[in-house]
Amino acid sequence: MKKYLFIGLIALCAGCLTGCNDKDPVQKLNIQTLDLTVLQKDWNFDQETLQFYYRFKVPTLDAHVYNYGSWSISREYNKGYNDAYQVALPMSTFGHDTLRTGEVVYFTRHIDYRVGVGYVDVQVTDSDFPYPIDPATGKRIVDNFVPEDMFFRMQMMD
């Protein structure tokens, strides 16, 4: 019995000694938080998809982060105040607006994003919104319906 106990203790000590190897590489978790701001004047409008968008250049979102990392984006409300809060994207809200004709229209605003190596596109889609059409150009008139300034926070990990 003592023989088996002694062999077990030797095996246990050998396991502890080999498990505590200082030569093993230490993996570090890299976390980045980026504040992203879109001013009202900077929104672009896509006439085909009927959505506003803005492209952020994000050089730290490289191929390694794209392929092996993770990310999340939230919209921040009341930025810089004690009552600031964040809502994770994608998000939907309900709104209404008054057209030039005086007609009140209701719509769902959907805010989402797309990520690629080196960039993030934020998209704002007002579903079923009847943007007026300019008879001269045939394009949608969006000047009075551009989204407000928006603040976003992106967190990336790899």
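Reader: How many bridges join strand E2 (residues 44–46) to strand E3 (residues 51–57)?

Author: Three, and the two strands run antiparallel. A strand here is a DSSP run of at least two residues, numbered from the N terminus, and two strands pair if DSSP finds at least two bridges between them. Asp-46 stands opposite Gln-51 in E3. The E2–E3 hairpin has four residues between its strands, and Leu-50 takes a positive phi near 55° there.

By the way, this is a predicted model: local features need pLDDT of at least 70, side-chain atom pairs count only at pLDDT 80 or more, and totals for chains, interfaces and linings use all residues. Residues are numbered from 1 along each chain as its sequence is written, and side-chain values use heavy atoms, leaving out hydrogens and water.

Reader: Which way do the side chains of E9 (residues 150–157) point?

Author: In a regular strand, side chains alternate between the two faces of the sheet. In E9, Met-150, Phe-152, Met-154 and Met-156 point to one face and are buried (under 20% relative accessible area, 1.4 Å probe, protein chains only).

Reader: Which residues are the bridge partners of Phe-152 and Met-154?

Author: Phe-152 partners Leu-36, where E1 (residues 31–38) pairs antiparallel with E9 over eight bridges. Met-154 partners Ile-73, and E4 (residues 70–77) pairs antiparallel with E9 over seven bridges.

Conventions:
Buried means under 20% relative accessible area, exposed over 50%, partly exposed in between (1.4 Å probe, protein chains only).
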